[in-house]
Amino acid sequence: MAWAEVPVDTGSPAAGAVLLIGIPGSGKSTVAAALAARFAASAHIEVDALQELIVSGGRWPSPERDEEADRQIFLRARNACLLADSFLAAGFLPVIDDVVVRRAHLDFYRATLTGGPLHCVVLAPGAAKAQERNLARDKTLTTDWSPLDAAMRVELADEKIWIDSAELTVDETVDEVLSATGLTPRQP
């Protein structure tokens with residue numbers, strides 16, 4: 001087989017994608033990496049890392065109204081979905097983590113990711129626990145994002161999978177995600 005003929009996509013795409021959402025400090029990135037590690041073929045798509053790809057003109061979300069930052073929230077979600085669809089087609093289970101607290105943002109993910117089923121999981125340890133975790137991190141957050149917890153609980157109340165991970169270890173949280181989604185890890 002010539003180099004140009006190497007197929008990228010497999011005949012059997014992955015079983016779907018996982019979207020771990022919650023407020024800063026809810027454990028999304030840590031749990032996403034641990035969940036992805038349970039599968040023989042997977043990818044962790046950290047949406048904050050996609051934001052960091054913007055070299056000039058990037059605007060991070062802020063509590064103040066900022067239309068450009070809001071536009072970039074959807075840009076990074078679109079890019080996460082493009083990556084996830086590509087990984088799905090190549091047989092890798094994508095695990096996306098993002099701060100999603102608004103219905104319009106979650107609906108955008110659902111409309112944009114088209115390569116397979118999207119398993120949405122809300123990590124909800126509560127505002128106090130998330131704030132405690134944020135204060136213990138290596139990276140310093142200059143904004144208290146805990147008020148987003150109340151907004152998320154109102155706007156996304158009808159979501160099926162909520163996990164209170166306040167007292168769970170990372171492995172226990174991953175077990176809960178697997179149980180709730182019905183996804184079964186495959187080992188090589």
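Is Phe108 buried, partly exposed or exposed? Phe108 is partly exposed, with a relative accessible area of 24%; buried means under 20% relative accessible area, exposed over 50%, and partly exposed in between (1.4 Å probe, protein chains only).

This is a predicted model, in which local features need pLDDT of at least 70, side-chain atom pairs count only at pLDDT 80 or more, and totals for chains, interfaces and linings use all residues. Residues are numbered from 1 along each chain as its sequence is written, and side-chain values use heavy atoms, with hydrogens and water left out.

Begin with the aromatic rings. Two aromatic pairs are found in a search of the whole structure; rings of Phe, Tyr and Trp (its six-membered ring) pair if their centres lie within 6.5 Å, and planes under 30 degrees apart count as stacked, over 60 as edge-to-face and the rest as tilted.

Select Phe74 and Phe108. Their ring centres are 5.1 Å apart and their planes lie at 85°, so the pair is edge-to-face. Because Phe74 lies in helix H3 (residues 67-89) and Phe108 in helix H4 (residues 103-112), the pair ties together parts that are 34 residues apart in sequence. Helices are DSSP runs (H or I, at least four residues), numbered from the N terminus. Phe74 is partly exposed, at 29% relative accessible area.

Next, select Phe87 and Phe92. With ring centres 6.1 Å apart and planes at 70°, this pair is edge-to-face. Phe87 is partly exposed at 29%, and Phe92 is partly exposed at 33%.

Finally, select Ile96. Contacts of Ile96, not counting residues up to four places away in sequence, include Leu20, Ile45, Ala80 and Tyr109; contact means heavy atoms within 4.5 Å.

Technical notes. Helix = DSSP H or I, 4+ residues; strand = E, 2+ residues; numbered from the N terminus.
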